[in-house]
Amino acid sequence: MLITDKIPSYIYDLLKSRGVDTDKIMLASYCDMNDSHIYCDTYVLATAEKLIVLSGSGGLENGGRAGKIDKVWREEAYREYNVEEIEKLKLEELSSSARLVAKMKSGEYIFLTAMTNTCRSSLLCFIKYFEKMKRGEIKGSDFEIDPEDDPSANRCPKCGMRYPDKNRKICPRCMEKGKLYKRFATFLFKYKKYVGVMLLSLILLTATGILAPYLSNEFFYDEVLNEGGGFFGEVLLVIALIVGTRLLGQLFSIVNGLVSARISAKVVFDLKMTVFKSIERLSMSFFNGRQTGGLMTQVNNDSNTIYYFFCDGIPYFLINIVQVVVVCVILFIENPLLAALSLATVPIFFFIILRSYRHETKLHAKNYSGSRAVNSQLSDVLGGIRVVKAFSQENAEIRRFNKTSKKAAKYQKNLSLFNNYVYPSLGLVLYLGNIIALGVGGWMVISGYNDFSYGKLLKFVAYVNMIYSPMYFFADMIDWSAQCTNALQRLYEIYDTEPDITEKPDAITPEEIFGNVEFRNVEFSYVKNRKIIDGVSFDVKAGKTLGIVGHTGAGKSTIVNLLMRLYDCNEGEIFVDGINVKDLSFKSLYENISIVSQETYFFIGSILDNIKYAKPDATREEVIKAAKLAGAHSFIMKLPEAYNTMIGFGYKDLSGGEKQRLSIARAILRDPKILILDEATAAMDTETEQMIQNAITALTKDKTTIMIAHRLSTLRDADELIVIEHGKVAERGTHKELLAIEGGVYNKLYTLQSEALKNAGITE
Amino acid sequence: MEQKNEIMLDRAARIIRLDKSSAVFKSENRFLTLTLTEDGEEKKYNRVFLHRAFPHELLWEYISVLDEDNKEIGLIYNIEDFDTETASVLKTELERKYYSPVISTIESVKERYGFSYWKINTADGKKITFTMQDTYRNIVHTGGDSLLLLDVDGNRFTIESVTALDRKSYRKIEIYL
């Protein structure tokens, strides 16, 4: 039985009272609206014979959306349909709601219920199994459910909430800060020696810091300068001691700095590598939802934030706590009354900090978003500077930038103003404590209160001051820890993301791949319910060429993405040499498939490096051969630096045709068994295309080739052509066969294109 | 040839304007139907779908009418081009398609792990919780001081006037603006 959402027991009781045998229910799902798009609880249930739609509201176990729980179930509608009479169920997606519609065998449509998008995936699952039920693939209430359709797999086991992203089984609500830190601490564990030395040096540094005020104040004034002191007149000794402690402190500080410098580089490097590795292993779908630029900033900034928090923040935090505690103990032992008086301002300090914290966060957020807006606008405009110039919009862009920039400046000003009046006032509050210590302490020295001496007073004041700097640090720490938590969350978000496409543990690596490709009833959608590929089947024998034709958006490139396993198909199977691509090892798949597409991308490096990218161990001769075959050699040799010319972002800009020839050279060097040409010549003028055509002929020799092209003339020589329309194979055959179909899609497209070319003065 | 091209261009740029003189919309069995009269010929579409051309700016203008295969039949310039009864049928259909509860107060917004969790009350007295990802990008300014919030499932929520929100609610959304 498939239950996508919890169905309360009183619904079952109600069904029983209507004469439904609830043991026979095979599928059940929940929608949060009725057929008038009004919020209510609607249950859609199916037995082998009946489809039941029940709407109402209330009920004790209300599994619906948040709202008042009412003990009475108020039924609004109860409808039953014969499964026999239903041709199919359809989920029609509206913009922010969806509706479940039944197409009856009579041709009539019935509106079953509406729902918000939240219920959409449950209902899609319902429809999938409803179809299986109709086809007789599942029977009774005991049938197998695909793990990915299992509703419990998509919910947090702790709080029951649906994961915001099904592919990332992370429940943000149940993610704990403590665990996050603990997890990171284990990461740091491998640096335990360094961390230990750092902590030790910090402790010693603090100890010398605490000792210093005693030596230079109480000891110096009361014991050395005072006639009755134990070390009266030993000025040299005290100077030596003071210098000694200072030197020792300096030594510990140097040790700490050295260790910290060493470990910081290592940890940051390690962190960046961890994130980069995680990103590299992720599937395409992860990148589709994100800005790549954002990811880069994330890797860089977050590693630094995390490092400084853990290697700077936490040790100092601990040390400061120790310092505050030790100093407080000394102060209270020395003079409890004066200690209490001079520390009285500390709570006021924290009170102000906490009050202003919220406001400051807001100012920081605004400042951040302001500068982000300036940066993004800047990179946007500079990236598109040619378009700006072409439409002579320079002045408009300057005005736009001025506006954004002014806003950012205002936010920054507000933040600085705030900092400039809050922090000095905070300083004043603390300074007040200092004044109290001096005033009251001075009076105590004069009146001889509890033997309080001048030296002790100076020591006391010095210690009081030692409390203040940690206070500032603690105030900063609140913000700091929040930033670090965010960074850690983002880091682990990437780290924990499971790639959707994984290699099977027992994946097959055949000794040789011949290049037979077969698609069998393949279905695929990027977004649920919007099938891009709908039951596509075809096969290409090794060494043959298949051309794929179709309108823009018909799903041609998707077929290629599926073969390359950039995505996995939802239904059906794809075979290479009779082996399902899902069973093939990544190595054997990727080593034997190459793609040349309209978009060429070259990394920063020499032409040689870029051609060799496909086969890093290729010899120079092989590279030149490949370049010659691709028709690239001649233009490369015209460049002063020839194969060592640097290309890629910020270097020599090649023309479209040149880039394409390089990318073909890259593919030739790879020498794959299966070659995909995805609109490889689309961006070229006819003359360049002709030149590249020769390169392509060289490239496709003896290889299984899948060729996607807009310009049908380039596909004329293919062994077979398939025409894709709305994700389906509409026509199949050779160029001649397809052309012969009067009124066929191919025939129409071909006629249109040759006419257009004739108009442009080109005859083929 | 040139003439032929012009005709093709002309056809490509032609907008079929639907108004009360040519189109009759009805709600039949909760489905929207259209009877279109063109050059004296009547054609009935049993199921048509509406789609706003400028969903963030113009709610009742420039509405594309599509058939079951998602092909455009024509464009409604303004639903006021129809009589009040038809306009109300169209309005209901659009409101259903772009269903977006109006937020009256925001009870809480919690940011965690790249997602924000919202507890809100709607103008018609419902309490709703929803989750947003990448909150900054999914709060859209829709002219004036009205906002559109898009949650992780693709549901929409409207704030008609952000400045008219009560102080507490405003403070919760303020940092995302």
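B:Asp39 counts as exposed, with a relative accessibility of 79% (exposed is over 50% relative accessible area, buried under 20%, partly exposed in between, using a 1.4 Å probe and protein chains only). This is a predicted model, so local features need pLDDT of at least 70 and side-chain atom pairs count only at pLDDT 80 or more, while totals for chains, interfaces and linings use all residues; side-chain values use heavy atoms, with hydrogens and water left out. As for labels, residues are numbered from 1 along each chain as its sequence is written, and chains are lettered from A and ligands numbered from 1 in the order in which they are written.

**The chains in numbers**

- Chain A has 21 helices and 20 strands, and chain B has four helices and 13 strands; helices (H or I, at least four residues) and strands (E, at least two) are DSSP runs, numbered from the N terminus.
- In chain A, 46% of the 764 residues count as buried; in chain B it's 41% of 177.
- Take the contacts (heavy atoms within 4.5 Å) in chain A with a sequence separation of 6 or more: 68% of them are between residues 24 or more positions apart.
- For chain B, 33% of the contacts between residues at least 6 apart join residues at least 24 apart.
- Chain A has an accessible surface of about 39400 Å², with 57% of it on carbon and sulfur atoms; for chain B the figures are about 10100 Å² and 47%. These areas come from the Shrake-Rupley method with a 1.4 Å probe, and for residues only the protein chains shown count as cover.

**Positive phi**

- Most residues other than glycine have a negative phi, and most peptide bonds are trans.
- B:Asp39, a residue other than glycine, goes against that with a phi near 50°, and it sits in the loop between β3 (31-38) and β4 (41-45) of chain B.
- A:His37 isn't a glycine either, yet has a positive phi of about 60°; you'll find A:His37 in the loop between β2 and β3 of chain A, where A:His37 counts as buried at 5% relative accessibility.

**Helices and strands in chain A**

- Helix α11 covers residues 394-447, which makes 54 residues. From first C-alpha to last it reaches 78 Å, close to the 80 Å expected (1.5 Å times one less than the number of residues).
- Helix α1 (residues 9-17) has A:Tyr10, A:Ile11, A:Tyr12, A:Leu14 and A:Leu15 buried, and their cover includes β1 (2-3), β3 (39-46), β4 (50-58) and β5.
- A:Arg79 lies in β5 (residues 73-82). Beyond residues up to four places away in sequence, A:Arg79 touches A:Asp35, A:Leu51, A:Ile52, A:Val53, A:Phe111 and A:Leu112.
- The C-alpha of A:Arg79 is 9.9 Å from that of A:Lys50, which is 29 residues away along the chain.
- A:Ser29 is in strand β2 (residues 27-33) and is buried, at a relative accessible area of 0%. Setting aside neighbours within four places, its contacts include A:Thr4, A:Asp5, A:Tyr43, A:Ser122 and A:Phe126.

**Rings and charges**

- Over all chains there are 28 aromatic pairs. One of them joins A:Phe126 and A:Phe130, with ring centres 6.3 Å apart and planes at 15°, so the pair is stacked.
- The rule: rings of Phe, Tyr and Trp (its six-membered ring) pair if their centres lie within 6.5 Å, and planes under 30 degrees apart are stacked, over 60 edge-to-face, and the rest tilted.
- A:Phe126 and A:Phe130 are both buried; they sit four residues apart, about one turn, in helix α2 (residues 120-134).
- An α-helix has 3.6 residues a turn, so residues three or four places apart point the same way.
- In chain B, ring pairs link B:Trp118, B:Phe130, B:Tyr136, B:Phe157 and B:Tyr176 into a cluster.
- B:Arg47 lies over the face of A:Tyr109, 4.9 Å from the ring centre, and B:Arg52 over the face of B:Trp60 at 5.1 Å. The test asks for NZ of Lys or CZ of Arg within 6 Å of the ring centre and within 35 degrees of the ring normal.

**Cysteines**

- There are zero disulfides over all chains, a disulfide being a pair of cysteine sulfur atoms within 2.5 Å.
- For A:Cys31, the closest cysteine sulfur is in A:Cys119 at 5.6 Å, which is too far for a bond.
- A:Cys31 is buried at a relative accessible area of 0%, and A:Cys569 also counts as buried, at 8%.
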